[in-house]
Amino acid sequence: MSKIWSEYLPVAQFRVARPTNQLQKVVEFYQDGVGLKVIGSFEGHSGYDGIMLGLPDASYHLEFTQHVDGSPCPAPTKDNLFVFYFPDKDARDTIVKRLNLMGYKEVEPENPYWKNNGVTIEDPDGWRIVLQNS
């Protein structure tokens, strides 16, 4: 008898968290540019402010934190990516245009695979996202 995935990994939520020294700019990029929704936030928690952004009703999301004393938080390699899959190319292109108007232009992906049906853009901290037409 095979087990279902939840028996192997009985978690209720999945979060990717990372620091920034530009919390407001990062929020504008992911909320106003990409279109993620604010699903939670906090201020002054042991010197940290933070915000969680994600898809409505999803159990996975991104968290961005900023410490009152700052953080060195350099971007990783150019092949560390958040990939957003869009079944509708026009919807993807609308977000690309919105990000372009905000000053975020397409960059050359490290892996040429992402250029086939995707657009790679760097966020304010230099972390990369791919808006992929699936």
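Residues are numbered from 1 along each chain as its sequence is written, and side-chain values use heavy atoms, with hydrogens and water left out. As the model is predicted, local features need pLDDT of at least 70 and side-chain atom pairs count only at pLDDT 80 or more, whereas totals for chains, interfaces and linings use all residues. The mean pLDDT (the predictor's confidence in each residue, from 0 to 100) is 93 for the chain, with 97% of its residues at 70 or more. Confidence is lowest in helix 1 (residues 5–8), with a mean of 71, and highest in strand 6 (residues 118–122), at 98; helices (H or I, at least four residues) and strands (E, at least two) are DSSP runs numbered from the N terminus. Where pLDDT is low, the predicted coordinates should not be read in detail.

Across the whole structure, a search finds 5 aromatic pairs, a pair being rings of Phe, Tyr and Trp (its six-membered ring) whose centres lie within 6.5 Å, with planes under 30 degrees apart counted as stacked, over 60 as edge-to-face and the rest as tilted. One of these pairs joins Tyr 30 and Phe 64, which are stacked at 5.0 Å centre to centre with 25° between the planes. This pair links distant parts of the chain, since Tyr 30 is in helix 2 (residues 23–34) and Phe 64 is in strand 4 (residues 60–67), 34 residues apart. Both Tyr 30 and Phe 64 are buried, where buried means under 20% relative accessible area, exposed over 50% and partly exposed in between (1.4 Å probe, protein chains only). The rings of Tyr 30 and Phe 82 form an edge-to-face pair, because their centres are 6.4 Å apart and their planes stand at 80°. With Tyr 30 in helix 2 and Phe 82 in strand 5 (residues 81–86), this pair ties together parts that are 52 residues apart in sequence. Phe 82 counts as buried at 16% relative accessibility, and Phe 29, Tyr 30, Phe 64, Phe 82 and Tyr 104 form one aromatic cluster.

Side chains of opposite charge can pair when their charged atoms come close. Taking a salt bridge as a side-chain nitrogen of Lys or Arg within 4 Å of a carboxyl oxygen of Asp or Glu, the count comes to 7 salt bridges. Among them is that of Arg 15 with Glu 63, whose closest N and O atoms are 3.0 Å apart, and which links strand 1 to strand 4 across 48 residues. Arg 15 is partly exposed at 39% relative accessibility, whereas Glu 63 is buried at 10%.

Arg 18, which lies in strand 1 (residues 14–19), is buried at 4% relative accessibility. Its salt bridge with Asp 123 has closest N and O atoms 2.2 Å apart, and ties strand 1 to the loop between strand 6 and strand 7 (128–133), with the two residues 105 apart in sequence. A salt bridge between Asp 125 and Arg 18 has its closest N and O atoms 3.0 Å apart, and Asp 125, in that loop, is 107 residues from Arg 18. Asp 125 is buried at 15% relative accessibility, and Arg 18, Asp 123 and Asp 125 are linked in a network of salt bridges. The contacts of Arg 18 (heavy atoms within 4.5 Å) include Tyr 30, Phe 64 and Phe 82, not counting residues up to four places away in sequence.

Elsewhere, Pro 10 is found in the loop between helix 1 and strand 1 and is exposed, with a relative accessible area of 67%.
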